[in-house]
Amino acid sequence: MKKIYLDNASTTALRPEVIQEMTHVLTEDYGNPSSTHSFGRTSKSILELSRKSIAQNLNATAQEIIFTSCGTEANNWILRSAVKDLKVTRIITSKMEHHAVLYTALVLEKEFGIQIDYVAIKPNGEIDLTHLVELLSQEKKTLVSLMHVNNETGTVLDLERVAIICKEHDALFHSDTVQSVGKTIIDLQKTTVDFIVASAHKFHGPKGVGFAFVRKNSGLQPLFFGGEQEKGLRAGTEALHQIAGMAKALELSYSNLEEDKIHILELKTELISKLKTAFPTCKINGGTNGFYTILNVLLPFSEDKTAMILFHLDMKGIAVSRGSACQSGSIKPSHVLVEILSEEDLKKPSLRISFSHFNTKEDIDSLMDALQKI
Ligand code: PLP
């Protein structure tokens, strides 16, 4: 049975060149980057070249890129240090953020007594920027944390516009860009966002490594303490093979961006058209303006078929997701869909189908075939 992977918002397959790069580093370059001998110096040079390459791809400076173990860590670090060290007393966020932001904000509310405000969401899942401006008119030291691309619906935030709004109101701006880094151009000279985060496994790199972009002179302090790695901002011996793999993955993502995007958009457009023909009353959650890699669709199946649908697809070797990956298998409705769907629609099955350049038209045909047999 040919397996079909359409769950690329959860994680992605590694590019062969990334595996090659990582294998090389694991085999040859095992020195500790902090050691002063030749082994250490070689590793240090790989580390800094990786940092430089990542920075170049985002039009940032190398010193603004700090390596972390994942996107979750980077989000936790930025939010916590903003409150603890930069003396932020309010976080404005939305109920549609990833739990790495939502739960962190709630813990900070309890721990530091800060105020959390949730910006309103429009019926199509977009952030209501008029409400954001209203919230920002209160005079408080504020961090705005809004994701660039929603991992469940693919709803896109206008990063540049929000960055301008935040600057005008003297608020710090953090964006969880885990779903967009490597998949769309982010120019950090043009966009005045203060902090973004990324995770390599979302752009065909290894799991267990990510980075934070922290704008120069931000004053952020470390999450935990120990060695002097990452200029003291993130102690712990660097996972050099992961970092080199991440840099390679990002470089390849950006050098193939246009070609991959055209291919993926073609697949998505074809799938939408086939779904509409086969299930005329299906609905695209979040509307048709979503990010090109993600399609969240509500299918007009009866409630009794809802529980079976992922299982049925899985039996056929097809991987898609219900809501976000961390929730698949749980019976709770997705916290994102709860914000935009009616009670009635929440009972029906919504599938998140997420693409990569590795997908083919045959994958779409197999998915359609399986759905029509349910
Ligand atoms: N933020 C978003 C939007 C995500 O989609 C994910 C992963 O699902 C994360 C954060 C967490 O990233 P990581 O798996 O690197 O911790």
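Predicted model: local features only at pLDDT ≥ 70, side-chain atom pairs only at ≥ 80, totals over all residues.
Residues are numbered from 1 along each chain as its sequence is written, and side-chain values use heavy atoms, with hydrogens and water left out.

**The ligand**

Among the residues that surround the ligand are Cys-70, Gly-71, Met-147, Asp-176, Ser-199 and Lys-202, where a residue is near a molecule if one of its heavy atoms lies within 4 Å of it. Sorted by class, this shell holds three nonpolar, seven polar and two charged residues; Ala, Val, Leu, Ile, Met, Phe, Trp, Tyr, Cys and Pro count as nonpolar, Asp, Glu, Lys and Arg as charged, and the others, Gly among them, as polar. The table gives polar contacts, meaning pairs of N or O atoms within 3.5 Å; within protein, one atom must be able to donate a hydrogen and the other to accept it, and residues adjacent in sequence count only if both atoms are side-chain atoms.

| Side chain | Distance to an oxygen atom of the ligand |
|---|---|
| Thr-72 | 2.5 Å |
| His-98 | 3.4 Å |
| Gln-179 | 2.8 Å |

Of the 390 Å² of accessible area that the ligand has on its own, the protein covers 88%, as computed by the Shrake-Rupley method with a 1.4 Å probe.

**Ser-94**

Ser-94 sits in the loop between strand 3 (90-93) and helix 4 (99-112); helices (H or I, at least four residues) and strands (E, at least two) are DSSP runs, numbered from the N terminus. With a relative accessible area of 1%, Ser-94 is buried, a term that means under 20% relative accessible area (1.4 Å probe, protein chains only). A polar atom of the Ser-94 side chain lies 3.0 Å from the backbone nitrogen of Met-96, and a polar contact of 3.2 Å joins the side chains of Ser-94 and Glu-97.

**Strand 7**

Strand 7 (residues 195-199) is largely enclosed by the rest of the structure, because five of its five residues are buried. Phe-195, Val-197 and Ser-199 point one way from strand 7, whereas Ile-196 and Ala-198 point the other way. Strand 6 (residues 172-176) runs parallel to strand 7 and is joined to it by three bridges, while strand 8 (residues 210-214) pairs with strand 7 in the antiparallel sense over five bridges; two strands pair if DSSP finds at least two bridges between them. Asp-176 has Val-197 as its bridge partner in strand 7, and Ile-196 stands opposite Phe-213 in strand 8.

Definitions and conventions. Buried < 20%, exposed > 50% of the residue type's maximum accessible area, 1.4 Å probe, protein only.
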